[in-house]
Amino acid sequence: MDNRYYENVIGEMKPFLDEHKFSLKEDGSFVNGSRSVKISYNEERQMYVLSAAVIEDGETGEYSDIDSWLFDDSQNARDAVAVGVDFTAALRENMGIKIKRVTANGADIELPSASKGGSMTVAGFTKKLLDVFPSLKDEYKAHIAHYGNFLYLNFFGEQVVPKLKTMLSEANKKQIKKLDDVFEYVYIHGDRDAVNAAVAVLCAAAYNDEKVHASIKEMLSENKHFADAFENFLPVLSNNKKLRAALIK
């Protein structure tokens with residue numbers, strides 16, 4: 001595969017790189033006062049790789065890989081944009097930069113966090129989803145700023161379900177494995193609300209979409225209880241107009 005989508009990855013990262021005063025060097029790296037960053041495509045591994053080195057006193061340290069994304073011939077420019085989104089989030093974290101959004105009353109909006117001890121809650125499930133889809137972190141904060149609290153079914157329907165449909169329909173094994181790990185963990189460790197939410201969003205993604213339905217069945221094939229819960233909830237979603245309106249936009 002050639003590296004024809006490199007510019008799409010860089011294009012998505014460019015606003016962040018410009019904001020933090022990175023400049024392009026002759027060797028293809030991006031450098032500012034604290035970091036030297038390389039975005040490359042590894043032909044053998046079929047992966048985009050993000051590497052970074054710390055700059056101290058003008059000296060560039062050793063590069064280390066801070067993120068990677070499987071990218072083969074089945075993928076396209078839209079997938080390359082997703083790589084850029086993920087790499088931007090990884091670089092932001094590597095540099096210790098936190099996104100802050102301020103509400104009307106001046107209070108900072110925090111991202112959801114997992115509870116310590118006990119079952120996983122909807123907040124913990126949401127945190128895991130935002131880790132899979134880091135581009136939704138800003139959308140989460142905008143949602144809280146707009147509504148004043150977390151209307152999780154509406155947020156999942158508006159933001160998460162479309163992302164799930166895209167990922168599941170494209171059948172990228174690495175990304176679906178990451179997704180499976182999240183849903184498997186929530187199904188085993190989640191409280192009732194978190195488990196119900198996990199089943200509901202999968203059903204919403206599969207609604208009237210045979211390809212996504214088949215992809216979810218394959219993903220859940222090793223967990224019969226979860227697979228049965230998914231199949232049993234599909235007709236409930238079909239017959240519940242209010243729930244369907246919240247989850248399917």
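Buried denotes a relative accessible area under 20%, exposed over 50%, and partly exposed the range in between, with a 1.4 Å probe and protein chains only. By that criterion, the buried residues of helix α2 are D79, A80, V83, G84, V85, D86, F87, T88, A90 and L91. The structure is a predicted model, in which local features need pLDDT of at least 70, side-chain atom pairs count only at pLDDT 80 or more, and totals for chains, interfaces and linings use all residues. Residues are numbered from 1 along each chain as its sequence is written, and side-chain values use heavy atoms, with hydrogens and water left out. Helices (H or I, at least four residues) and strands (E, at least two) are DSSP runs numbered from the N terminus.

**Helix α2**

- The 18 residues of α2 should span 26 Å at 1.5 Å a residue, and the end C-alpha atoms are 25 Å apart, which agrees; the expected span is 1.5 Å times one less than the number of residues.
- The buried residues of α2 pack against α1, β3, β4, β6 (64-70) and α5.
- Just after α2, G96 takes a positive phi of about 75°.

**Second largest pocket**

- A pocket is defined on a 1 Å grid over the protein atoms alone, as an open set of points where a 1.4 Å probe fits, with protein on both sides within 12 Å along at least five of seven lines; lining residues have an atom within 4 Å of a point.
- The second largest pocket has a volume of about 440 Å³, where volume is the space filled by probe spheres set on the points, and grid points are joined across faces, edges and corners.
- Its lining comprises 19 residues, and W69, A82, F133, K163 and T166 lie nearest the centre of the pocket.
- Both α2 (77-94) and α5 (152-170) supply at least two lining residues each, and α2 gives the most, with six residues.
- By class, the lining has nine nonpolar, five polar and five charged residues. Ala, Val, Leu, Ile, Met, Phe, Trp, Tyr, Cys and Pro count as nonpolar, Asp, Glu, Lys and Arg as charged, and the others, Gly among them, as polar.

- R35 is placed in strand β3 and counts as buried because its relative accessibility is 12%.
- The side chains of R35 and N94 make a polar contact of 2.8 Å; such a contact is a pair of N or O atoms within 3.5 Å, where within protein one must be able to donate a hydrogen and the other to accept it, and residues adjacent in sequence count only if both atoms are side-chain atoms.
- Leaving aside neighbours within four places in sequence, R35 is in contact (heavy atoms within 4.5 Å) with F22, F30, A53, V54, I55, N94 and M95.
- R35 and V54 are 19 residues apart in sequence, and their C-alpha atoms are 4.8 Å apart in space.
- S36 also belongs to strand β3 (residues 35-42) and counts as buried at 2% relative accessibility.
- A polar contact of 2.4 Å joins the side chains of S36 and Y63.
- Beyond neighbours within four places in sequence, the contacts of S36 are S29, F30, V31, S51, A52, A53, I55, T60 and Y63.

**Strand β6: S68**

- S68 lies in strand β6 and counts as partly exposed, at 23% relative accessibility.
- Not counting residues up to four places away in sequence, S68 touches M47, Y48, V49, F87 and K174.
- S68 and S51 are 17 residues apart along the chain, and their C-alpha atoms are separated by 8.8 Å.

- C203 is found in helix α7 (residues 192-206) and is buried, with a relative accessible area of 0%.
- Residues up to four places away in sequence excluded, C203 touches F230, F233, L234 and L237.
- N232 is found in helix α9 (residues 224-239) and counts as exposed at 54% relative accessibility.
- C203 and N232 are 29 residues apart in sequence and 9.6 Å apart in space, C-alpha to C-alpha.
- C203 and E62 are 141 residues apart in sequence and 46 Å apart in space, C-alpha to C-alpha.

- Most residues other than glycine have a negative phi.
- K21 has a phi near 60°, lies in the loop between α1 (6-19) and β1 (23-24), and counts as exposed at 68% relative accessibility.
- D57 has a phi near 55°, lies in the loop between β4 (47-56) and β5 (59-60), and is exposed, with a relative accessible area of 83%.
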